[in-house]
Amino acid sequence: MELSNILLVMASLLSGATSIKKRQAYFSGTGELPCHFTNSQNLSLDELVLFWQNQHNMVLYELFRGRENPQNVHFTYKGRTSLDRDNWTLRLHNIQIKDKGLYQCFVHHKGPKGLIPIYQMSIDLSVLANFSQPEIMPISNRTENSDSVNLTCSSSQGYPAPKKMSFVLKTKNSTTEYDVFMNIFQNNITELYSVSISLSFPVSPETNVSIFCVLQPQSTQTQLLSQPFNIDPKIPKPPQPDPGHGLLITALPALLLIFCGMMLCIKKKKKKQPGPSHECEAIKVESEENEQSKGRVENRVPERSDEAQCVNNTSKTASDMVAVMRSKETSSSFRDQKHQHGTHEPLGAHNHSHHF
């Protein structure tokens with residue numbers, strides 16, 4: 001009976017040692033380390049001792065005769081593990097990149113003669129970290145005289161290092177991929193990777209262009225694509241205005257201002273010249289008071305030739321008006337005298353003339 005038990009334990013150890021289970025965990029997540037112990041002998045927990053250790057023989061967790069035993073646990077894993085006793089799976093929390101590697105679970109029977117190994121299993125744990133979405137940034141702005149654009153694309157916080165990173169240029173009629181040298185940087189503490197690429201693109205000025213950045217990680221991870229970086233066609237330059245035409249437009253307000261100023265001056269000058277009616281009325285009054293004033297006005301030397309001509313004209317007009325007025329006064333006094341003496345023709349005279 002004892003021989004059969006020994007053979008069964010040896011078979012279990014050999015089968016567990018030869019089969020390695022692969023598991024994956026994500027950075028800052030939880031990894032599972034199973035132990036497929038079937039307990040075919042229906043041993044109680046008081047008779048069992050279970051523990052997990054890493055490839056450096058550091059103990060992660062120990063269950064001694066049904067109770068946790070933290071004394072043998074390495075400080076790196078204290079407070080980071082929990083055991084699911086239903087399926088004998090140890091969960092490792094807050095996974096870090098350094099947690100990747102080979103783990104083993106051991107099951108021992110605690111008997112009168114000490115610990116007897118009855119089961120062993122190996123687990124290969126790999127750790128992944130998803131890269132951030134690639135982001136395209138222009139290194140320098142596109143100039144009017146240039147048909148090229150300088151871009152850089154970056155992604156960070158990933159693990160392991162990606163296979164490649166590239167630019168994809170799409171137009172209405174074509175798609176072109178540019179494989180570029182990838183710059184890789186690894187953080188010394190977290191061991192996560194950051195990557196970037198840069199490229200100068202020839203761009204047709206008449207075409208709409210969309211540029212994407214593609215990150216290809218390891219085969220177990222999903223390809224990442226950036227938001228499109230769109231380049232619109234250049235707007236044609238408007239025709240340059242004629243310098244002479246621009247000068248004429250600039251000088252036109254000044255010319256209008258000068259013209260308006262000249263017209264205003266001429267109008268003011270005309271307003272300053274006295275009208276003939278006013279001047280004649282003044283001369284008429286002076287002529288009635290004293291004829292000598294007429295001589296002074298005629299003999300006065302004018303300051304300006306146009307004023308002298310106006311004075312002569314108005315003087316002549318005034319003289320004519322005086323003569324007319326005197327003639328009217330003479331005719332009026334004659335009629336008055338005739339009316340006062342009663343010189344009327346006799347009625348008979350008219351009759352006498354009819355007789356002839």
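**Reading the fold, feature by feature**

Guide: Let's start in a loop: asparagine 69 lies between strands E5 and E6 (81–84). Helices (H or I, at least four residues) and strands (E, at least two) are DSSP runs, numbered from the N terminus. Bear in mind that this is a predicted model, where local features need pLDDT of at least 70, side-chain atom pairs count only at pLDDT 80 or more, and totals for chains, interfaces and linings use all residues. Residues are numbered from 1 along each chain as its sequence is written, and side-chain values use heavy atoms, with hydrogens and water left out.

Visitor: Is asparagine 69 buried or exposed?
Guide: Buried means under 20% relative accessible area, exposed over 50%, and partly exposed in between (1.4 Å probe, protein chains only). Asparagine 69 has a relative accessible area of 18%, so it counts as buried. Contact means heavy atoms within 4.5 Å; leaving out residues up to four places away in sequence, asparagine 69 touches Glu62 and Phe64.

Visitor: Which strands make up the open sheet, and in what order?
Guide: Strands of a sheet pair through backbone hydrogen bonds, either parallel or antiparallel. Two strands count as paired if DSSP finds at least two bridges between them. Here, six strands form an open sheet in the order E1-E9-E8-E3-E4-E5, with mixed pairing. Strand E1 (20–26) and strand E5 (67–68) are the edges; each has a single partner strand, so one side of each lacks a neighbour in the sheet.

Visitor: How many bridges join E1 and E9, and in what sense do they pair?
Guide: There are seven bridges, in the parallel sense. Tyrosine 26, for instance, stands opposite leucine 128 in E9.

Visitor: Which residues touch the most other members of the largest nonpolar core?
Guide: As a rule, in soluble globular proteins, nonpolar side chains tend to be buried together. A nonpolar core here is a set of buried Ala, Val, Leu, Ile, Met, Phe, Trp, Tyr and Cys residues joined through side-chain atoms within 4.5 Å. The largest one has 52 residues, and Trp52, Phe167 and Ile211 touch the most other members. Strand E9 (residues 114–128) gives the most to this core, with six residues.

Visitor: Which strands does E16 pair with?
Guide: E16 (residues 209–216) is mostly covered, with six of its eight residues buried. Strand E12 (residues 164–170) pairs with E16 in the antiparallel sense over seven bridges, and phenylalanine 167 has cysteine 213 in E16 as its bridge partner. Strand E18 (residues 229–231) also runs antiparallel to E16, joined by three bridges; there, valine 209 stands opposite isoleucine 231. Two bridges join E16 to strand E17 (residues 224–225), again antiparallel, with valine 214 opposite leucine 225.

Visitor: How many helices and strands does the chain have?
Guide: Six helices and 18 strands. Of the 356 residues, 29% count as buried.
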